[in-house]
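Open the model in your viewer and keep the selection panel at hand. We will go from one stop to the next.

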Amino acid sequence: LTEKLEAALKSVSGQGRITELNIAGTMREIRRALLEADVNYQVAREFTERVKEKALGTKVLSSVSPGQQLVKIVYDELVRLLGSEQVDINLSPTPPTVILVAGLQGSGKTTFCAKLALYFKKKGRAPLLAAADVYRPAAVEQLKTLAASINVPVYSIEENGQVVQDAVRVAREAVQEARRTARDIVIIDTAGRLHIDEAMMQEVEQIKEAVRPHEILFVVDSMTGQDAVNTAKAFNERLDFDGVVLTKLDGDTRGGAALSIRSVVNKPIKFASTGEKLDALTPFYPDRMAQRILGMGDVISLVERAQEQYDARQAEKLRRKLRSADFNLEDFYEQLQRIKKMGSLRELIGMIPGLGRYVKDLDVDDDAFKHIEAMILSMTPEERRNPDIIDASRRRRIARGSGMEVSDVNQLLRQFKEMRKMMKSMSKLMGKGRAVDLRQ
Ligand code: GDP
Ligand code: MG
């Protein structure tokens, strides 16, 4: 996703302004990038719509490139979509707090249960793990091994060396055990199937009924993309869980799951799991996730570099022209075209390197520029390159050709000369210095 977004954002950097036109392609790119990252179609569409609305309504600051501004808008919207604020686990005022952990097989439930136990232990709590994944003996063993490494007790029921296959009983008795042994948090690890399955759902529902957990966490493998959203939806319909745990964010993971789960099921993502080691668990911070998805630092510096190069190139070109005093009407015309392409004149003329602060306060009339254009177009290339040769008869011809008065042509030429003079003195002021962006 990051690469795709970078490419998409790169395409707007170096452009003068966020307009409907130059944003359309970028928005398409961003949407495609989101879809390819398995973001739900509806979510991706709404996301790009919102970004577009905000982008178009944004006044372009002359000191920031449109690319940067767009990055900021995309970033803000990502943070918003991801939930803006970090949400904590619900703790019961009277211990023990009961936390039910559900999800598909292999999503990382058992690992997460142990991680969460360690997380609470570090906060001075006394957790108890409940081995309610009773169908595979190895599952109980796995939990026991993990728990032993962090020195946390596990509650399980075994008779004659066999695991008793009653998940509800394990959960219920684990809570009693916690009361008896003054453990203030019970974390219930449950069984999962490879696919959503009625028996599994019923069992988790029954556990929920039996122990009335204070917190139900849905664990999902962030690498499963679009499937993660469907799974989240199915679990939420049955369990109405309180929060989501995203696992395997350490891998080559796509941001898609986080993005759409949050907005499709409207439940906060509470934890991010980033490795097999038990301390690889952090609360979920939407801003960090947005940065991660965007590759923020990279994108920004990339956009900045592109913008600097563009500015430097333009400024250098103009400076060379001004120095050699051959800035002519052709260059002037070219500048006008560039301005027109970028959007509303009034805002944009202020962005021409060097012109900005002189022209900013003027009332710029788009029509006036059409007239200027018409007159320049009525000149011969020779006249444009060398306005000094334009004598009285040539002026009359230009006026006729452009449908203007001779006085208009006179005024244009006078203004152009003044401008050239002003630019020349400015270029001297810039002196031997670097090609600098004069807009700041
Ligand atoms: P469960 O079936 O839902 O209980 O999933 P497990 O906890 O047994 O995890 C399945 C596999 O994923 C195991 O090999 C874990 O070591 C691994 N795993 C779990 N969480 C993470 C994680 O955040 N990052 C990585 N890289 N692997 C993880
Ligand atoms: Mg397990």
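Select β7, helix α9 (residues 226-239) and β8: together they form a right-handed β-α-β unit. Right-handed means that, with the strands pointing away from you, the path from the first strand over the helix to the second runs clockwise. Helices (H or I, at least four residues) and strands (E, at least two) are DSSP runs, numbered from the N terminus.

This is a predicted model, where local features need pLDDT of at least 70, side-chain atom pairs count only at pLDDT 80 or more, and totals for chains, interfaces and linings use all residues. Residues are numbered from 1 along each chain as its sequence is written, while chains are lettered from A and ligands numbered from 1 in the order in which they are written.

Stay on α9. The helix lies across β1, β7 and β8 and runs at about 160° to β7. That angle is between N-to-C directions, on a scale from 0 to 180 degrees, with axes fitted to C-alpha atoms, for helices over the stretch in contact. Contact means C-beta atoms, placed from the backbone, within 7 Å.

Now select residues 215-221, strand β7. Seven of the seven residues are buried, so the strand is largely enclosed by the rest of the structure. Buried means that 20 or more other C-beta atoms lie within 10 Å of the residue's own, with C-beta atoms placed from the backbone. Check both faces: E215, L217, V219 and D221 are buried on one side, and I216, F218 and V220 on the other.

Strand β1 (residues 97-103) runs parallel to β7, joined by five bridges. Find V101, whose bridge partner in β7 is L217. Strand β8 (residues 243-247) is also parallel to β7, again with five bridges. Here V219 faces V245 of β8.

Zoom out to the open sheet. Its eight strands follow the order β3-β2-β6-β1-β7-β8-β9-β10, with mixed pairing. Strands pair if DSSP finds at least two bridges between them. Click the edges, β3 (154-155) and β10 (281-283): each has a single partner strand, so one side of each lacks a neighbour in the sheet. Strand β9 (residues 269-273) pairs with β10 in the antiparallel sense, over three bridges. S273 stands opposite L281 there.

Keep S273 selected and show ligand 1. Which residues come nearest to ligand 1? Of the 18 around it, they are G108, K109, T110, T111 and S273. Being around it means a C-beta atom, placed from the backbone, within 6 Å. Helix α5 (residues 109-122) gives the largest share of this shell, three residues.

Methods:
Buried ≥ 20, exposed ≤ 12 C-beta atoms within 10 Å, placed from the backbone. Contact = placed C-beta atoms within 7 Å.
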